[in-house]
Amino acid sequence: MSKKIVFKTKDELATHIKGHAPSFYFSSQTSTVIPYDKLDEHLKTTNVDNYYLCDLSQMPQEMKLLENGNLYIKGAVSWKDAREFLKAKGRNIKTAPTEELALITAGLATSCTGERCFAFGNLRSQVVRLKYINFEGRELELDSTKDLIIDGVELTLYQKEFNAYKDFKNAPFPRFEKETDLMIGTEGQLGIVTEVEIETVENSPAQHLFMLIPKWEQDYTAHLEIIKKIQSFRDDVILVELIDSNAFSFLPEEDRPNQGKDAIFFEVKADSFENFYESFLSQLENVSEENIFELTENRFHNIRASVPRAVFEENSKMGVVKMGTDVQVKIDDFQELMDIYREFSKEGIRYNLFGHFGDAHLHFNFMPAPKDMDHCRERFEYLYDQVLRLKGSPFAEHGIGLIKQKYIKNFMGATQTDVFEGLKRKFDPYGQFFPQGFMSLSSENHKA
């Protein structure tokens, strides 16, 4: 069995890192790609006497709003902490993961993006600078205004291949163009993030509403009209989220405003609402105005956050690992993705669909009994083959972790694995940072 260690100071963390022991670092345990209740089983390390599970959730936190409007954070600061801190100062974060209790530093590790990407783009574009502890136990700073240049690692072809995914939240592999990219999306495999400066925005008033539309399995005409037309309103709309009728069934009846239908939720800038109403809502051909409703901000966010939590709890109760997708495709390919999910809806296994509708980035979740797990895995293999064909992004915000590694291999070739091996040699020469991570998939040590 591995050993667990809880860090409460940066010096403790640095001392541990200087010991070069193989370690897996975690914080709030909200990741959907790490099976925390079965970590030892999934890590399968033979170094049982010298493998550590490293808890960063008690590192001392600090927040400052800088004169330039950016937020500086250090330690165990969650997205909820940051949002509440900024709200008192008239500002807001640009990234809003559904699970607000996740820590920001962990969000950098997976390049988590969340709901507000529709208006503000991905997380890596919001990072100004960061600090991390390297394998020597030294804290170093990275700057987003500087290009990433690494002696002995050729990045030109790697970056060229990344460009095919530049319009997605995240590619199947990290960006590696700016210095800060070294720690964003690399899942703690090259060092441990300790501090970060991120952009914020003025906390402007917003209106929250949802519209009821037919179930997507029966008729997705309205879904297709909305996703195409909403793209012209990214300056007016902060987020566009879908919760289908199946996902609502996991909530208490009093928390279901959907009347047995799918619901699309919008957060709209208050000073843009009139234009949004006249130019978008009133122009929809497949949605009646009597099916559009306003709701409070708190209820809006509570409903949206409750669904994935309820799905997670149901999976835990069934004793199965989450069988969900994190796929994003181009808007022009959205109908084809929905057709695949329609096929999945006929498998005779419970399912639901929710997520970041405006970005064509949805989470389809099978809710299998243990006996159905192998069949679900086979269907997901088919799905990811189709995503590869469509040149979509298989894991657009939650990372790869341990659960998704089986599906990522076809999305990365020699260009990516060569770069990963070069980076691991330079930044993790002892193989101590999450040695089972995706950057080690091609190494002989990982295969063993």
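Analyst: What follows goes through the salt bridges one by one and then turns to the chain as a whole.

This is a predicted model, in which local features need pLDDT of at least 70 and side-chain atom pairs count only at pLDDT 80 or more, while totals for chains, interfaces and linings use all residues. Residues are numbered from 1 along each chain as its sequence is written, and side-chain values use heavy atoms, with hydrogens and water left out.

Side chains of opposite charge can pair when their charged atoms come close. A salt bridge here is a side-chain nitrogen of Lys or Arg within 4 Å of a carboxyl oxygen of Asp or Glu. By this rule there are 29 salt bridges.

One of them joins Lys4 and Asp55, with 3.9 Å from N to O. Lys4 belongs to strand E1 (residues 3-6) and Asp55 to strand E3 (residues 52-55), so this pair ties together parts that are 51 residues apart in sequence. Helices (H or I, at least four residues) and strands (E, at least two) are DSSP runs, numbered from the N terminus. Lys4 is exposed, at 54% relative accessible area, whereas Asp55 is buried, at 6%. Buried means under 20% relative accessible area, exposed over 50%, and partly exposed in between, using a 1.4 Å probe and protein chains only.

Another salt bridge links Glu136 and Arg138 at 3.1 Å, N to O. Glu136 is partly exposed, with a relative accessible area of 39%, and Arg138 is also partly exposed, at 46%.

Asp359 and Lys169 form a further salt bridge, at 3.7 Å from N to O. Asp359 lies in the loop between strand E17 (351-356) and strand E18 (361-366), and Lys169 in the loop between helix H6 (156-162) and strand E9 (192-198), so the pair ties together parts that are 190 residues apart in sequence. Both Asp359 and Lys169 are buried. Elsewhere, salt bridges that share partners join Lys10, Lys131, Glu139 and Glu195 into one network.

Now the whole chain. The protein chain contains 15 helices and 18 strands, and buried residues make up 56% of its 448 residues. Of its contacts (heavy atoms within 4.5 Å) with a separation of 6 or more, 74% are between residues 24 or more positions apart. Along its principal axes, the C-alpha trace spans about 65 × 55 × 40 Å.
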